[in-house]
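Take a look at the structure first, then read on.

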Amino acid sequence: MSEDIAALVRQLAAEDRDERRAATDRLVALGAPAVEHLLPLLAGEDGPGRSAAEACVQRLGTAAIEPLRKVRAEGPGRLRPAALRMLASVGGGDALSPADKAAVERLVQIKLLDETPGDLPSDRWVAVPRAEVKDIVRALELHDARPVTTAMGVSAALHHENSLDHRSADGTTSTEYRVFITPEFDGWRLVYGADYLNDNWARAIEKLSTQCREAHFYEVDEYHGAQVWWVMENGQDKRGHRTYGDPEWVGEPLEFERDLMQDAAEEEEEGEEEGGELCDAEEAAEYAEGVRDPEEAASWISIQPSTVEVLDRVGHGWLAVTSPEAGHGRFRGALDI
């Protein structure tokens, strides 16, 4: 039996895709006994074999947890890191032993001492000025906020499972989310959550602006060609733009927009006098109603995520969930630290 499994594991690294797929199907059908044979591939270098082995374990799901826990407890040592990674991937934090959970917590605390956050993603985010973490948590009705490195927070809120269906004790089902609150950068905290903001951004900034006086939302969706930026104060819309919105604009232009609109109009007038009317007319048209580019708007009225590496930072990030019942442990994914 072991020789047959070993042959299938070797087949996972085959050049032919159909051959790899057939081996994967047969290994998954074997169940938990296949896991110990897959781990050497999982601990190896990136490549088709490792990817296929990861796919096998993912498909095995909870059946893989006990064999992985056994390797964590008994070794061999060289396979323990891969076993930990796959435990988090298939079962989330709940699949880790108390010892492994404690080890992860210690590592996070050590990393926080000398963390150097890199630039943050700039596809979808919320920005809140002069806000305490407790105020953001209260406004968004978050729970179990935990200190995390920026890499861990981004990994949890954007790159791994960050929403799941949760059945409450009364039988009702709801969607629960993970939300990352960044350290403070030049007086601003950013809020991330891929699924959370996709589903709740308007309500989120309404709540935040009511609690914290002001909140902004920014989105750059290059795939759909959509751009959004929105400012709310005290629960009310102040200024907003949505590429596909109806209406496209909300509120009166802000001061920085009026300045840009005036500069563009003056440059158009000068261009006409000098014969450069085409270029200047295009710029004037771009700012005719206001600023459309969310990152440009953010550079004037808040901060750009792509520049936080050079900004003054205070404190660390926090990872929270939207349900105390769901907790952190059910969300799957081996997070960066």
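Predicted model: local features only at pLDDT ≥ 70, side-chain atom pairs only at ≥ 80, totals over all residues.

## Helices H1 and H3

Helix H1 (residues 2-11) packs against helix H3 (residues 35-42) at an angle of about 30°, and their axes are 9 Å apart. Helices here are DSSP runs of H or I with at least four residues, numbered from the N terminus. Axes are lines fitted to C-alpha atoms over the stretch in contact, with angles from 0 to 180 degrees between N-to-C directions. H1 and H3 are therefore roughly parallel to each other (angles under 35 degrees count as that).

The H1 and H3 crossing is right-handed, meaning the near helix is turned clockwise from the far one by less than a right angle. Ser-2, Ile-5 and Val-9 of H1 meet His-37, Leu-38 and Leu-41 of H3, with contact meaning heavy atoms within 4.5 Å. By class, that's 4 nonpolar, 2 polar and no charged residues.

Residues are numbered from 1 along each chain as its sequence is written, and side-chain values use heavy atoms, leaving out hydrogens and water.

Now for H4 (residues 48-60) and H6 (residues 80-91): their axes come within 10 Å and cross at roughly 45°. Arg-50, Glu-54, Val-57 and Gln-58 of H4 make the contact with Arg-85, Met-86, Ser-89 and Val-90 of H6.

How values were computed:
Helix = DSSP H or I, 4+ residues; strand = E, 2+ residues; numbered from the N terminus. Parallel < 35°, antiparallel > 145°, perpendicular 65-115°, else oblique. Nonpolar A, V, L, I, M, F, W, Y, C, P; charged D, E, K, R; others polar.
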